[in-house]
Structure formats: C-alpha cells, structure tokens
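Dear colleague,

I am passing on a structure for you to look over.

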Amino acid sequence: MWYDGWGWGGWYVMAVGMALFWGLIIVGVVALVRYLTSSHHSHPSGPQPPSSGESGRGSRRAEDVLAERFARGEIDEDEYQRRLKLLREHR
C-alpha cells in the first residue's frame, strides 16, 4: 500500500542527495571563511608607504645583515664601514 515505485532505489537516491547537500554546505562555509580572512580582502591594494616605525626597523635589519656579512668574512672592514655609512645616511 505504501509502495510508490521507487523501491530500494529511493533510499540510495536520498542518501546520495543528502551527502551532496551537506558537502555543498560545508564547502560554502569554508569558502566564506577563507574569503573573509584572506589578506587581500582586509587591506587596500597597491603599495603602501612605510610608517616611521617600519622604516627604522628595515634600516636596522639592513645593518644586521651587513654586520653578519662582515662577521662571515664576505666583505672587508673598509666596505663594511662604507656601506654602514651609506645605510645610516638614508635613514
């Protein structure tokens, strides 16, 4: 009396349909979270001028790299002094 022609095939169709439904829901949520947390979404495009704190930090890092090169013997003392002077002039 309750038989509508689907038989056991109806259970398979419903199971596959439910798996696809929840799969799409999960993929949608993951895509939304990735979009909202991506770096290009929260920052304006184009190069930004460094703030005063960032330029000092970059200059300090350049001096550290120069000191490391001098310590490893990649450059001599004269070149170290010349480049250090040049870095400090452009701060």
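Predicted model: local features only at pLDDT ≥ 70, side-chain atom pairs only at ≥ 80, totals over all residues.

Residues are numbered from 1 along each chain as its sequence is written, and side-chain values use heavy atoms, with hydrogens and water left out.

The protein has 4 helices and 0 strands, helices being DSSP runs of H or I with at least four residues and strands runs of E with at least two, numbered from the N terminus. Read along the sequence, the pattern is α-α-α-α. The mean pLDDT (the predictor's confidence in each residue, from 0 to 100) is 79, and 69% of the residues reach 70 or more. Some caution is needed over residues 49–54, where pLDDT stays under 50 and the model has 1 contact beyond four places in sequence, a contact meaning heavy atoms within 4.5 Å.

Of the 91 residues in the protein, 9% are buried; here buried means under 20% relative accessible area, exposed over 50%, and partly exposed in between, with a 1.4 Å probe and protein chains only. The accessible surface comes to about 8,300 Å², of which 64% belongs to carbon and sulfur atoms; areas come from the Shrake-Rupley method with a 1.4 Å probe, and for residues only the protein chains shown count as cover. A nonpolar surface patch of about 580 Å² is made by M18, F21, W22, I25, V29 and V33. Patches are built from residues with over 30% relative accessible area and no salt bridge, like charges being joined within 9 Å and nonpolar side chains (Val, Leu, Ile, Met, Phe, Trp, Tyr) within 5 Å.

The whole structure holds 2 aromatic pairs. F21 and W22 form an edge-to-face pair, because their ring centres lie 5.2 Å apart and their planes stand at 75°. By the rule used, rings of Phe, Tyr and Trp (its six-membered ring) pair if their centres lie within 6.5 Å, with planes under 30 degrees apart counted as stacked, over 60 as edge-to-face and the rest as tilted. F70 and Y80 make a stacked pair, at 4.8 Å centre to centre and 20° between the planes. This pair links distant parts of the chain, with F70 in helix α3 (residues 52–72) and Y80 in helix α4 (residues 77–89), 10 residues apart. F70 is partly exposed at 33% relative accessibility, whereas Y80 is buried at 15%.

There are 4 salt bridges, each a side-chain nitrogen of Lys or Arg within 4 Å of a carboxyl oxygen of Asp or Glu. In one of them R88 pairs with E63, the closest N and O atoms being 3.4 Å apart. R88 lies in helix α4 and E63 in helix α3, so this bridge ties together parts that are 25 residues apart in sequence. E63 is buried at 4% relative accessibility, whereas R88 is partly exposed at 47%. Leaving aside neighbours within four places in sequence, E63 is in contact with L84, L87, R88 and R91.

R83 and E79 form a salt bridge at 2.6 Å, N to O, and both lie in helix α4, 4 residues apart, about one turn of the helix. R72 and E74 also meet in a salt bridge, at 2.9 Å, and R69, R72 and E74 are linked in a network.
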